Each structure stands twice: as C-alpha cells, then as structure tokens.
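The following paragraphs lead through selected features of the structure shown below.

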Amino acid sequence: MDWLKRIRPSGPASTNSNRSSAVPEGLWKKCPKCAAPLYRPELERNQDVCPKCGHHMRIGARRRLDIFLDEQGREEIGADIVAIDRLRFKDVKKYKDRLTDAQKKTGEKDA
Ligand SMILES: [Zn+2]
C-alpha cells in the first residue's frame, strides 16, 4: 500500500476542503498554468513541459544540464569552487547569508 500513500499522502478517507491543493505530492505535480495533474515520470519524459498546455516548468541547473548534455563524455569542472564574500557586502541582508541560503536551497556551492 506504499504506492497509495505516495499518491494520496493523507490516506483515501481524508477530505480536502481546498480543491486546488488536492493534487497529491510525490508522483504527481500540478501544472501551475492549466492546473492539470501531471504524472511526474511522464512530465520528465516530456522534458518538464506540460503536455496539456505547453507550460515550461521551473527546473534546476542540474536538470537543465541533464536535458541539454549527453551523459557520456561530459565532465564537470570547478565543482569545488565556492563563492566567497570578499567585500563583506550587506544590503537588507548580508551577502554571506544570501550565499548560505542559496547553497542550502539548491544543494550547489555556486551558480
Ligand atoms: Zn499545463
């Protein structure tokens, strides 16, 4: 029954008053433009473009590289280069904090 929990995380007997958020997490994703429920593996095969309306989903840098580049023969360079805050820049937020937040959010060391 694990597959059922992935499709409906709160179980089949649950009710959800907000219809727009009724698309289950995990294997399914709701198109932000047409609200169609999309099966993730099918969406990935379609290169993260909604097959119903043609909306291009937001994707991360790694996903974009996977789409554009062949797996064979590619080599990442500069993977250990880390952005630093030499100027100790600060506007409404410290640049160092912005870097830390972005690194946590993306799982990457730099853009
Ligand atoms: Zn769509």
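Does Leu69 count as buried, partly exposed or exposed? Leu69 counts as partly exposed, because its relative accessibility is 40%, where buried means under 20% relative accessible area, exposed over 50%, and partly exposed in between (1.4 Å probe, protein chains only). The model is a predicted one, in which local features need pLDDT of at least 70 and side-chain atom pairs count only at pLDDT 80 or more, while totals for chains, interfaces and linings use all residues. Residues are numbered from 1 along each chain as its sequence is written, and side-chain values use heavy atoms, with hydrogens and water left out.

Leu69 lies in the loop between helix H3 (61-68) and helix H4 (95-106); helices are DSSP runs of H or I with at least four residues, numbered from the N terminus. Together with Leu65 and Phe68, Leu69 forms a nonpolar patch on the surface, with about 310 Å² of accessible area. Accessible areas come from the Shrake-Rupley method with a 1.4 Å probe; for residues, only the protein chains shown count as cover.

The zinc ion is coordinated at 2.3 to 2.4 Å by the SG atoms of Cys31, Cys34, Cys50 and Cys53, donors being N, O and S atoms within 2.8 Å of the metal (3.2 Å for Na, K and Ca). The spacing of these residues in sequence is C-x2-C-x15-C-x2-C. The site is tetrahedral, with angles of 106 to 111° among its four donor atoms; the term requires all angles to lie between 85 and 135 degrees. Cys50 is buried, at 2% relative accessible area, whereas Cys53 is partly exposed, at 29%.

Methods:
Four donors count as tetrahedral if all angles lie between 85 and 135 degrees; four count as square planar and six as octahedral if opposite donors are over 155 degrees apart and all others between 65 and 115; anything else is irregular. Patches are made of residues with over 30% relative accessible area and no salt bridge: like charges are joined within 9 Å, nonpolar side chains (Val, Leu, Ile, Met, Phe, Trp, Tyr) within 5 Å. A salt bridge is a side-chain nitrogen of Lys or Arg within 4 Å of a carboxyl oxygen of Asp or Glu. Helices (H or I, at least four residues) and strands (E, at least two) are DSSP runs, numbered from the N terminus.
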